[in-house]
Amino acid sequence: MTLKLGVPSKGRLMEKTFDWFGARGLDIRRTENEREYAGRVEGADGVELVLLSAGEIPRELEAGRIHLGVTGSDMVRERLASWQDSVQELTRMGFGHADLVLAVPAFWADVDTLDDLDAAAAAFRAKHGFRLRIATKYHRLVREFLRETGVADYRLVDSQGATEGTVRNGTAEAIADITSTGETLRANHLRILSDGVMHRSQATLFKSRRADWDGGAREVWRGLGNLLGISERGDR
Ligand SMILES: Nc1ncnc2c1ncn2[C@@H]1O[C@H](COP(=O)(O)OP(=O)(O)OP(=O)(O)O)[C@@H](O)[C@H]1O
Ligand SMILES: O=P(O)(O)OC[C@H]1O[C@H](OP(=O)(O)OP(=O)(O)O)[C@H](O)[C@@H]1O
């Protein structure tokens, strides 16, 4: 029995994930053929690489099809209900930083905080007869955040990309999306609410609570955890 390690096979997090493991003595690489989603691991016995997109890793951890997985902390929180029941955060990896934020048109001079947004949303509904629209792909995280902060008079509209363009296009009044440099927000004349940061994300190594840890995987993890310098707290 091997321990299955899920890593991003493409996209922003792939290279730095490989570098992070490499710096700790675990050499991970894809096969020579760039189009083939297969790879190999050197530096620890019994570790099998599973190449996946960052967005699929939460589901695979939850299903227990991989023992360990690397993805953004935002992905796990967004894609898994009660994520702590199915996965454990082992270590933050120090790259892939991005903030999930709520932003409004820069010219909305009276809307700086969530309280202001709440008031503006009520006024918007009274005036237009429908709820202020917030475009996002982070439905779970945005709903939770707005419930906790007491903003109610809004409607989410789904946007799977180019979310900052929805305001200009007239399909939303505000947006909730990931930002790192802030350039996309600025270019689209949007401004983050002063208390509008919902989550500060970074690449994180997660452990599945649902995978089969008997029959060898636990022993492999013991060696690998030592190699990576990870000591667990509150592990089951
Ligand atoms: N500037 C950024 N924009 C978007 N995501 C970023 C940025 N910087 C870091 N990230 C992080 O990268 C991760 C997503 O990576 P990427 O977009 O490469 O994944 P993906 O495999 O294309 O995902 P999906 O399966 O959803 O298409 C998220 O956890 C996100 O927080
Ligand atoms: O703060 P910045 O550095 O400008 O980066 C933020 C942008 O990057 C991401 O988009 P991505 O490139 O993944 O395209 P998408 O619109 O298809 O999600 C994200 O959704 C923002 O639009």
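View 1. β7 and β10 run antiparallel and are joined by five bridges; strands count as paired here when DSSP finds at least two bridges between them. Strands are DSSP runs of E with at least two residues, helices are runs of H or I with at least four, and both are numbered from the N terminus. Zoom in on L102 and you will find its bridge partner in β10, A176. β7 also runs antiparallel to β11, this time with seven bridges, and V104 stands opposite R191 in β11. Please keep in mind that this is a predicted model, in which local features need pLDDT of at least 70 and side-chain atom pairs count only at pLDDT 80 or more, while totals for chains, interfaces and linings use all residues. Residues are numbered from 1 along each chain as its sequence is written, with chains lettered from A and ligands numbered from 1 in the order in which they are written.

**View 2. The open five-stranded sheet.** In which order do the five strands of the open sheet lie? The order is β9-β8-β10-β7-β11, and the pairing is mixed. β9 (154–158) and β11 (190–201) are the edge strands; each has a single partner, so one side of each has no neighbour in the sheet. From one strand to the next the twist averages 25 degrees. As a reminder, strands of a sheet pair through backbone hydrogen bonds, either parallel or antiparallel.

**View 3. Two helices across the sheet.** Helix α5 (residues 114–128) lies across β7 (98–105), β8, β9 and β11, and runs at about 120 degrees to β11. Helix α6 (residues 139–149) lies across β7, β8, β9, β10 and β11, at about 110 degrees to β11.

View 4. The largest nonpolar core holds 32 residues, and L3, L5 and F206 have the most contacts inside it. Such a core is a set of buried Ala, Val, Leu, Ile, Met, Phe, Trp, Tyr and Cys residues joined through C-beta atoms within 7 Å. Helix α9 (residues 217–228) gives the most to this core, with five residues. Once neighbours within four places in sequence are left aside, L5 is in contact with V47, E48, L49, V50, I66 and L68; contact means that C-beta atoms, placed from the backbone, lie within 7 Å. Another core, of 23 residues, lies apart from the largest one and includes A120, Y138, V151 and I175.

**View 5. The shell around ligand 2.** Ligand 2 is surrounded by G161, A162, T163, E164, D177, I178, T179, S180, T181, G182, E183 and T184, where a residue belongs to the surroundings if its C-beta atom, placed from the backbone, lies within 6 Å. Which elements give two or more residues to this shell? They are β10 and α8 (183–187), and β10 gives the most, with three residues. By type, the shell divides into two nonpolar, seven polar and three charged residues. Here Ala, Val, Leu, Ile, Met, Phe, Trp, Tyr, Cys and Pro count as nonpolar, Asp, Glu, Lys and Arg as charged, and the others, Gly among them, as polar.

**View 6. Two residues with positive phi.** A162 has phi near 50 degrees, a positive value in a residue other than glycine. A162 sits in the loop between β9 and α7 (165–169), and it is exposed, with 12 other C-beta atoms within 10 Å. S82 also has a positive phi, of about 45 degrees, although it is not a glycine. Look for S82 in the loop between α3 (73–79) and α4 (83–86); with 6 other C-beta atoms within 10 Å, S82 is exposed. A residue is exposed if 12 or fewer other C-beta atoms, placed from the backbone, lie within 10 Å of its own, buried if 20 or more do, and partly exposed in between.

**View 7. F95 in its loop.** F95 lies in the loop between β6 (87–92) and β7. Is F95 partly exposed or buried? F95 counts as partly exposed, with 14 C-beta neighbours inside 10 Å. Leaving aside neighbours within four places in sequence, F95 is in contact with K16, Q202 and A203.

Terms used:
Axes fitted to C-alpha atoms, helices over the stretch in contact; angles between N-to-C directions.
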